[in-house]
Amino acid sequence: MQPEPATAFRHRTVEAPAGRLHLVEQGTGPLVLLVHGFPESWYSWRHQLPALAAAGYRAVAIDVRGYGRSSKPEATESYRILDLVEDNIAVVRALGEESAVIIGHDWGSSIAATSALLHPEVFRAVGLLSVPYAPPGGPRPTDVFGRIGGPEQEFYVSYFQEPGRAEAEIEPDVRGWLAGFYAAMSADTMPAGSEPDPHFVTRGDGRLRDRFPAGLLPAWLSETDLDVYAGEFERTGLTGALNRYRNMDRDWEDLAPHRGAPIKQPSLFAGGALDASTTWMADAIDAHPTTLPALSASSLLDGCGHWIQQERPHEVNSLLTDWLATLQD
């Protein structure tokens with residue numbers, strides 16, 4: 001069966017706790033909900049929507065609240081993960097479904113995992129891309145991130161905490177900043193190990209973009225693709241997207257009752273072997289037999305960076321459709 005063309009994408013908005021959520025769907029069959037990460041949009045699933053539709057699924061990619069054509073609440077605390085979980089449930093209900101498989105990338109992976117953890121009656125299986133599952137618990141997140149980097153460098157998550165600070169760097173040149181950020185974490189354009197790490201800023205007046213590759217686009221990102229991403233963020237700004245990082249301590253408090261809890265539904269994990277997320281969180285991947293006891297597919301793609309479903313779409317599509325097929329047995 002051949003994938004449906006991109007023109008078959010169906011755009012719609014549904015009511016949700018965020019106010020309005022924009023989604024794009026393709027295909028018919030069991031619902032598969034796709035949740036993007038930072039700094040992306042539904043468009044990061046453009047290669048998966050037709051492949052999942054061709055495999056017999058109703059594939060739905062959302063703009064997470066604060067992104068794209070979805071509502072952007074003003075309050076910083078409106079971006080806590082519990083609210084994003086409720087948005088996902090609202091999408092499932094608005095589409096007339098009782099349950100869904102949920103798949104997320106980057107922040108979307110954490111959102112998908114929390115959705116599955118808290119509502120197994122709705123999310124019958126979960127797929128995690130790039131960011132492995134780590135159960136709630138441990139020290140306060142901002143304390144952990146604040147210790148990373150030392151006296152001369154500041155970790156990017158800490159840099160994102162103060163409202164307006166990262167926006168002042170990004171928003172004067174959204175397109176250029178996005179191009180550098182995507183390149184910094186792509187296998188074919190990321191800085192060599194001997195170069196300054198782009199996940200840090202120099203303390204004082206440093207900027208993330210000071211460490212981005214200059215004038216390079218990764219092979220997966222065309223000028224047209226970059227225009228799509230830049231156009232959305234030039235229209236919406238970056239505050240809604242960055243507010244996800246500004247709620248990590250609230251999430252830690254909200255999820256305290258679930259400290260150490262495993263996700264018991266069928267699960268998948270796939271990451272890039274060159275992605276910092278899979279190296280920094282190697283212990284979490286090693287713990288998956290305990291934290292994801294129904295894990296049935298796990299892959300690290302050699303020579304792949306962070307943007308896994310865009311860098312290696314055919315391999316990811318095969319991984320997802322093969323795994324989804326096992327859920328029908």
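Me: Before we start, what should I know about the numbering and the model?

Reply: Residues are counted from 1 along each chain as its sequence is written, and side-chain values use heavy atoms, with hydrogens and water left out. The model is predicted, so local features need pLDDT of at least 70 and side-chain atom pairs count only at pLDDT 80 or more, while totals for chains, interfaces and linings use all residues.

Me: Which residues line the largest cavity?

Reply: Among them are His36, Tyr67, Trp107, Ile111 and Arg244. Helices α3 (107-118) and α9 (239-242) are the elements that give two or more residues to this lining. By the way, helices (H or I, at least four residues) and strands (E, at least two) are DSSP runs, numbered from the N terminus. By class, the lining has 7 nonpolar, 3 polar and 2 charged residues. For those classes, Ala, Val, Leu, Ile, Met, Phe, Trp, Tyr, Cys and Pro count as nonpolar, Asp, Glu, Lys and Arg as charged, and the others, Gly among them, as polar.

Me: And what about the second largest cavity?

Reply: That one has a volume of about 30 Å³. Its lining includes Leu21, Val35, Asp87 and Asn88. Helix α2 (residues 81-94) gives the most to that lining, with 3 residues.

Me: Trp107 came up in the largest cavity's lining. What kind of ring pair do Trp107 and Tyr245 make?

Reply: Rings of Phe, Tyr and Trp (its six-membered ring) pair if their centres lie within 6.5 Å; planes under 30 degrees apart count as stacked, over 60 as edge-to-face and the rest as tilted. A search of the whole structure finds 24 aromatic pairs. For Trp107 and Tyr245, the centres are 5.6 Å apart and the planes stand at 80°, so the pair is edge-to-face. It ties together distant parts of the chain, 138 residues apart: Trp107 is in helix α3, and Tyr245 is in the loop between α9 and α10 (248-254).

Me: Is Trp107 buried or exposed?

Reply: Buried means under 20% relative accessible area, exposed over 50%, partly exposed in between (1.4 Å probe, protein chains only). Trp107 has 14%, so Trp107 is buried. Tyr245 is buried too, at 4%.

Me: What sits over the ring of Trp107?

Reply: A charge sits over a ring if NZ of Lys or CZ of Arg is within 6 Å of the ring centre and within 35 degrees of the ring normal. In this case the charged end of Arg244 does that, 4.6 Å from the centre of the Trp107 ring.

Me: Where is Asp205, and is Asp205 buried or exposed?

Reply: Look in the loop between β8 (200-202) and α8 (223-236) for Asp205. Its relative accessibility is 72%, so Asp205 counts as exposed.

Notes
On a 1 Å grid over the protein atoms alone, a cavity is a set of points where a 1.4 Å probe fits but cannot get out, and a pocket is an open set with protein on both sides within 12 Å along at least five of seven lines; lining residues have an atom within 4 Å of a point. Grid points are joined across faces, edges and corners, and a volume is the space filled by probe spheres set on the points.
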